[in-house]
Amino acid sequence: MFFDNEEEFVDDLEELFEKMNMEEEKCPECVQCGYCCKHTPCYYGKWNEEKNQCEYLTEDNKCSKYNEIVEYENSINLKIKMFGSGCCLNYLNPDRLKKLNEIKNNKEG
Ligand code: SF4
Ligand code: SF4
């Protein structure tokens with residue numbers, strides 16, 4: 001058999017999936033690195049071919065539609081809002097890692 005102890009392997013796997021589900025619910029915070037908006041526009045976004053990013057992303061990686069989106073989502077009583085729900089693209093995201101590093105260095109310096 002490929003695995004010495006199949007039962008133990010299945011237990012480990014269940015534990016892993018449980019952990020992954022738990023972690024998925026708790027997305028890490030958004031640090032405004034802009035990476036997501038430079039890859040795929042969100043529901044409210046619009047792709048700009050020339051800039052190769054969402055039309056509404058500002059130079060300092062902020063969403064210029066922020067107020068509009070927050071107002072709209074409040075008006076329809078949306079439970080899970082787009083902003084404040086954490087980072088949707090944290091895995092192997094070089095821009096987020098860079099931003100986190102900058103934040104850390106600013107705190108230390
Ligand atoms: S609308 Fe705002 S949050 Fe959505 S992709 Fe564009 S810049 Fe990002
Ligand atoms: S990739 Fe994550 S941290 Fe960066 S702007 Fe998007 S949600 Fe925020």
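The shell around ligand 1 divides into 8 nonpolar, 1 polar and 1 charged residues. In this classification, Ala, Val, Leu, Ile, Met, Phe, Trp, Tyr, Cys and Pro are nonpolar, Asp, Glu, Lys and Arg are charged, and the others, Gly among them, are polar. The residues that surround ligand 1 are C37, P41, C42, Y44, G45, C54, Y56, L57, C63 and K65. A residue is near a molecule or strand if its C-beta atom, placed from the backbone, lies within 6 Å of it. The model is predicted: local features need pLDDT of at least 70, side-chain atom pairs count only at pLDDT 80 or more, and totals for chains, interfaces and linings use all residues. Residues are numbered from 1 along each chain as its sequence is written, and chains are lettered from A and ligands numbered from 1 in the order in which they are written.

Ligand 2 has 13 residues around it. Of these, C30, C33, Y35, C36 and C87 come nearest. By class, the shell of ligand 2 holds 8 nonpolar, 4 polar and 1 charged residues.

The protein contains 3 helices and 2 strands. Helices (H or I, at least four residues) and strands (E, at least two) are DSSP runs, numbered from the N terminus. From the N terminus on, the order of elements is α-β-β-α-α. Buried residues account for 8% of the 109 residues. A residue is buried if 20 or more other C-beta atoms lie within 10 Å of its own, exposed if 12 or fewer, and partly exposed in between, with C-beta atoms placed from the backbone. Among contacts between residues at least 6 apart in sequence, 50% join residues at least 24 apart. Two residues are in contact if their C-beta atoms, placed from the backbone, lie within 7 Å.

The largest nonpolar core has 7 residues: C33, Y35, C36, C37, C54, L57 and C63. Such a core is a set of buried Ala, Val, Leu, Ile, Met, Phe, Trp, Tyr and Cys residues joined through C-beta atoms within 7 Å. In soluble globular proteins, nonpolar side chains tend to be buried together.

C37 lies in the loop between α1 (6-25) and β1 (47-48). C37 counts as buried because it has 22 C-beta neighbours inside 10 Å. Leaving aside neighbours within four places in sequence, C37 is in contact with G45, Q53, C54 and L57. C37 and Q53 are 16 residues apart in sequence, and their C-alpha atoms are 6.0 Å apart in space.

Y35 also sits in the loop between α1 and β1. With 21 other C-beta atoms within 10 Å, Y35 is buried. Y35 touches L89, N93, D95 and R96, not counting residues up to four places away in sequence. The C-alpha atoms of Y35 and Q53 are separated by 9.0 Å, and the two residues are 18 apart along the chain.

The helices α2 and α3 were considered next. Helix α2 (residues 66-75) has 10 residues, of which the number buried is 0, so α2 lies largely in the open. Helix α3 is hardly covered: the count of buried residues among its 15 residues is 1. At 1.5 Å a residue, α3 should span 21 Å, and its end C-alpha atoms are 21 Å apart, which agrees. The expected span is 1.5 Å times one less than the number of residues in the helix.

Several residues have positive phi values. Most residues other than glycine have a negative phi, and most peptide bonds are trans. N61, although not a glycine, has a positive phi of about 60 degrees. N61 is found in the loop between β2 (53-54) and α2. With 17 other C-beta atoms within 10 Å, N61 is partly exposed. Just after α2, N77 takes a positive phi of about 55 degrees. L92, again not a glycine, has a positive phi of about 50 degrees. L92 is located in the loop between α2 and α3 (94-108). L92 is exposed, with 7 other C-beta atoms within 10 Å.

S85 lies in the loop between α2 and α3. S85 is exposed, because 11 other C-beta atoms lie within 10 Å. Not counting residues up to four places away in sequence, S85 touches C27 and I80. S85 and K26 are 59 residues apart along the chain, with their C-alpha atoms separated by 8.7 Å.
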